Each structure stands twice: as C-alpha cells, then as structure tokens.
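The tour below says what to select at each stop.

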Amino acid sequence: MSLWESVADLELRVDGYDLQRRESATPSGWTRVTTTVVLAGEGETGFGEDVTYDAALHDDVPDALMLAGTWSLEDFSHRLDDMEELTEGYRRWAFEGAALDLALQQAEIGLGEALGRTERPVRFVVSTRAAPERWLEIAPELELKLDAETDWDRDLLRRLRGLDRVRVVDLKAYYRGTSVDLAPDPELYRAVAEELPDAVIEDAWLEDGCREALAGAEDRLSFDAPIHSLTDLDDLPLEPRWLNIKPSRFGTVRELLETIEACEERGISMYGGGQYELGPGRPQIQRLASIFYPDGPNDVAPHGYNEGEPREGLPQSPLPAPEGPGF
C-alpha cells in the first residue's frame, strides 16, 4: 500500500470552518502574515496554515466555501479541485492540511500511526542570514543553514568551515523579484563547493557555467524552490541526492506523499523546510520530519528562532518525538 493509500480513505466529518489571521514582525523588518484554516466537525478541529507571502492576499482568503459533509480524505481533496479560490498551492495546502488533521483527530490516531511509521526525535538546523557566530555564542552545538551572499569570499568561507556547524548552504538561484534573490555566480559556487566540502548545496543554478563550477559536488546538490510535484522532480536536469521538502509547495497531501515515496525509492535523502509559519504549520512540518527524515538537516526550528535576536532559553535539537492524534 502506498503512503497516499494509507490515508486516502480516512473519513472526516465537516460542519464548517473558520479563519484565524496571524501577524509577526520579523527581525529583518517586514511583517509576516499567515492565515490558519480551522475545520470543525463532531467536536474536533483540524488546522492548516496558508503561508502565502503577500500580506495583502490574506485579506481575500475564502470564508464561505461549501465544505460541510462526510468525506473520505480523497473525496474532500477532489472537492477542493473544483474550487477556483484554491488554485494557488499555499492556500490549497492550508485546506488540505486542515482536512488531514481533522480526519486524524476524529480517528484518534497520529499521522505516523496512520502511515505505519514510527515518529522519532527531530534534528533541526537554524536558518539565518545574520552572522552565525552570534547564535553559536549562545548555543555552541547549534547546526546552521546559511543563505549565501554576494560578498562571500574564500576567507569568510574558511571561517565558516572552521566553525564546523554549517550543514546547508542555500544559493537561492530560483527566486525572482524577492529580497533573497541571488544571481548565479560560478566563482561563488566553486568557492562554496571547495571551502565547505561537507555542506549540502541547495538551489544551485545549473547553466551558464555553474554546473561545471560544482564538478565533484554533485552528490551534495539539493533542490527546494523548483519542486512543487513529482513531475518537477523528474524534470530536473539531474537526479539530486538531496531534496528539501516543504509541504506547502505541493498543495495536496497526495502530491506531497507521492514525492516523498519516490525519494525513498530512489535513495534521495530528504530534510524538512519551513515557510516562516506562525501557527500550526510549524509543528506539522516537524511531525513530517519525525516520520520521514528525522536525522536530516531539517530547517524546522521552533518559531522562536525566527523572532528577535539570538538568546538563551530556546529549545535545542533534537526536538522530542510528537505525541497524540492529528497532524
């Protein structure tokens, strides 16, 4: 039985739903807005989080969709297929995640049990664009995922290597029109590959001399932003040895589970990624990590790491294995 087949027939009974808006000021000066979808039925609630980045779009989250009824998870997903308001993947994922959570709550089982998998403690890394030394002064054992910068030179990379805490470097080659865009640069790519020989290299451009610059590091290449489906994975110009799994990119539970299953079959190592979730989306990506890739360099640190300056008292890796029913 496939992973999707393990949950497709779960039943959920929906009476209606509500929306909860969350906002948080980020250390870099912008305000993060997300919307939580709360599906209710038979005294239980299921939660999903819309992580759309444009704050203005959260003013238009649909609040009157006809979702009441008794459904299998698969039939509920087909119902969402018919709704023009849910064509965008992040928004669709909020309703899909809430449906999965509600079905599991009503069945009184956790996701791991439904999938026949064990939920384990989760290793996490801290993603930062600030100087990592500030975090390591507070918590020397933290592991890091760093976004590369245009001004990185070999001296800086050697200092990072000396820290022995950098597990993933994100080259951000597939973002367009955002504050984190990073133009592909073969010299930067070559320096990262050579000076950080043990780090996973995420979202590298593979044209214009960049692939050649990464020669010898092919087994460390990972992808994130281009992957929204199994088809996207199949269409990559090479089969990666790593994949960053962000469930909100996939839109549906089925697409997510089919991609995870393909990675397991092909020997592609996975790790979890976050979308600056403010609500239930964060523990959900942690639970997925606990089931499928608990030992990976998971970018699923508790939300406190995204708020304010480095400080003591935050949870340390690994996070305890999740308990209780739901997603």
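This tour of a predicted model goes to a group of aromatic rings and then to the cavities.

**Stop 1: a pair of rings**

Select Trp30 and Tyr53. The two residues form an aromatic pair, with 6.3 Å from centre to centre and 35° between the planes. In the whole model the count of aromatic pairs is 12.

Now colour the chain by secondary structure. Where do Trp30 and Tyr53 lie? Trp30 is in the loop between strand E2 (16-25) and strand E3 (31-41), while Tyr53 is in the loop between strand E4 (44-50) and strand E5 (69-72). The pair therefore ties together parts that are 23 residues apart in sequence.

Trp30 is partly exposed, since its relative accessibility is 33%. Tyr53 is also partly exposed, at 38% relative accessible area; the class covers values between 20% and 50%.

**Stop 2: around the pair**

Next, select Arg32. What does Arg32 lie over? Arg32 sits over the face of Tyr53, 4.1 Å from the ring centre.

**Stop 3: the largest cavity**

The model has two cavities of 30 Å³ or more. The largest cavity holds about 90 Å³ of space. To find it, select its lining: Glu49, Val51, Trp93, Pro247, Ser248, Gly273, Gln275, Glu277, Gly281, Gln284, Ile285 and Phe327. Helix H10 (247-250) and helix H12 (281-292) are the elements that give two or more residues to this lining. H12 supplies the largest share, three residues. Colour the lining by residue class: five residues are nonpolar, five are polar and two are charged.

**Stop 4: the second largest cavity**

Clear the selection and pick Val7, Trp93, Leu100, Leu111, Val253, Leu256, Leu257, Leu288 and Phe327, which line the second largest cavity. Here the elements that give two or more residues to the lining are helix H3 (89-107) and helix H11 (253-266). The largest share, three residues, comes from H11. The volume of this cavity is about 40 Å³.

Which classes of residue make up this lining? Nine residues are nonpolar, with no polar and no charged ones. To end the tour, select Trp93 and Phe327: both residues line the largest cavity and the second largest cavity.

Conventions
Residues numbered from 1 in each chain as written. Predicted model: local features only at pLDDT ≥ 70, side-chain atom pairs only at ≥ 80, totals over all residues. Heavy atoms only, no water. Phe/Tyr/Trp six-rings, centres within 6.5 Å; stacked < 30°, edge-to-face > 60°. Helix = DSSP H or I, 4+ residues; strand = E, 2+ residues; numbered from the N terminus. Buried < 20%, exposed > 50% of the residue type's maximum accessible area, 1.4 Å probe, protein only. Lys NZ or Arg CZ within 6 Å of the ring centre and 35° of its normal. 1 Å grid on protein atoms, 1.4 Å probe; cavity = no way out; pocket = protein on both sides within 12 Å on 5 of 7 lines; lining within 4 Å. Points joined across faces, edges and corners; volume = space filled by probe spheres on them. Nonpolar A, V, L, I, M, F, W, Y, C, P; charged D, E, K, R; others polar.
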